[in-house]
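Here is a short briefing on aromatic pairs and nonpolar cores. Keep the structure open as you read.

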Amino acid sequence: MTDAAASSAPAAAAPVAPVAPGVRPARPVRAQHVFVVERTERLSPHLVRVHLGGEAFDGFVEAGADQLTATDRYVKLLLPPRPGLGLQPPFDLDELRARLEPDELPVRRTYTIRSVDPAARTIAVDFVVHGDEGVAGPWALAARPGDLLQLSSPGGLWSPSDDPAVPDLLLGDDSAVPAIASALESMAADARGLALIEVEGPDDELELARPEGVELRWLHRDGARPGRVLVAALRGLEPPTSPLRVFAHGERGAMKEARVVLHDTWGVDRSSLSLSAYWALGRVEDAFQAEKREPVGALFAD
């Protein structure tokens with residue numbers, strides 16, 4: 001797909017169709033953009049950064065002007081399910097569905113935008129990699145300058161507190177490192193808070209810019225189930241005695257346990273809590289996204 005040229009005249013607001021009780025409204029269809037790989041960086045044994053540029057940059061930034069101010073800004077990537085199929089963006093999904101088997105169609109993967117560089121006209125996306133496991137990680141490992149990547153306009157909601165009297169508590173595993181890193185570097189100089197980040201081991205730690213009043217603790221899994229060390233560290237904290245804001249994102253089972261601590265035990269109001277599962281152990285993204293609409297995928301009871 002390619003984006004249609006934007007009209008200079010303001011568009012009339014489309015009428016909103018009523019939604020039946022108990023039926024989820026359809027999510028808006030985000031515009032698609034085809035970026036060009038500029039370069040890649042191996043940040044750690046399990047993290048690869050891909051810098052993306054090209055003619056898509058200006059349209060992407062314009063389409064996501066509001067969402068790109070959030071530090072949890074994200075995009076939906078469209079990737080070939082495996083090498084050797086000869087699929088190249090832009091993808092015409094209707095045409096591909098007519099001639100390919102279902103397991104040969106491009107797949108969607110959700111990733112956080114680590115940074116936007118207006119001067120270089122590039123965006124950076126960090127990929128967690130584990131050898132040849134999955135789809136997006138192997139793609140990032142194999143990416144070379146000139147390769148194409150199709151992605152959606154960005155979404156995003158959360159940014160750190162702008163009140164120095166209200167500290168931020170940031171929690172996450174490898175998948176949340178880009179969002180937490182972006183949040184830390186965007187904080188005011190007088191910000192206060194704590195960031196707990198779980199990674200496999202010392203080699204996966206990164207140098208992250210942050211205010212002096214925000215403590216960063218790296219936690220090492222050392223082969224344990226993802227999220228177990230993170231939740232243990234959370235349980236070991238003293239409950240807050242004053243308001244705070246929380247950003248907690250990572251493996252679904254761990255985030256359910258984090259909810260018990262943060263919301264059920266500590267009493268952090270949901271309006272001050274950004275809690276979400278970025279992934280689920282043993283699930284590919286298609287199954288993980290589908291389960292969000294089922295009880296197993298819910299982090300809260302309602």
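A residue is called buried when its relative accessible area is under 20%. Phe-127 has a relative accessible area of 0%, so Phe-127 is buried. The model is predicted.

**Aromatic pairs**

- How many aromatic pairs does a search of the whole structure find? The search finds four.
- One of them joins Phe-35 and Phe-60.

- Phe-127 belongs to strand 5 (residues 122–128), and Trp-139 belongs to helix 3 (residues 136–142). The pair therefore ties together parts that are 12 residues apart in sequence.
- Trp-139 has 15% relative accessibility, so Trp-139 counts as buried.
- Ring pairs bring Tyr-111 into a cluster with Phe-127 and Trp-139.

**The largest nonpolar core**

- This core holds 26 residues. Which of them touch the most other members? They are Leu-52, Phe-127, Trp-139 and Leu-151.
- Several elements give two or more residues to the core. Among them are strand 1, helix 1, strand 5 and helix 3. Strand 2 (47–53), strand 3 (74–79) and strand 6 (148–152) are also on the list.
- Leu-52 touches residues well beyond its sequence neighbours, leaving out those up to four places away. Its contacts include Phe-35, Val-37, Ile-123, Val-125 and Leu-151. Glu-38, Arg-121 and Thr-122 are also among the contacts of Leu-52.

- Another core, of 24 residues, lies apart from the largest one. Leu-169, Leu-194, Ala-258 and Leu-262 are among its members.

**A look at Val-107**

- Val-107 lies in strand 4 (residues 107–117). Val-107 counts as buried, because its relative accessibility is 13%.
- Val-107 and Leu-77 are 30 residues apart along the chain. Their C-alpha atoms are separated by 7.9 Å.

Notes: Residues numbered from 1 in each chain as written. Predicted model: local features only at pLDDT ≥ 70, side-chain atom pairs only at ≥ 80, totals over all residues. Heavy atoms only, no water. Phe/Tyr/Trp six-rings, centres within 6.5 Å; stacked < 30°, edge-to-face > 60°. Helix = DSSP H or I, 4+ residues; strand = E, 2+ residues; numbered from the N terminus. Buried < 20%, exposed > 50% of the residue type's maximum accessible area, 1.4 Å probe, protein only. Core = buried A, V, L, I, M, F, W, Y, C linked by side-chain atoms within 4.5 Å. Contact = heavy atoms within 4.5 Å.
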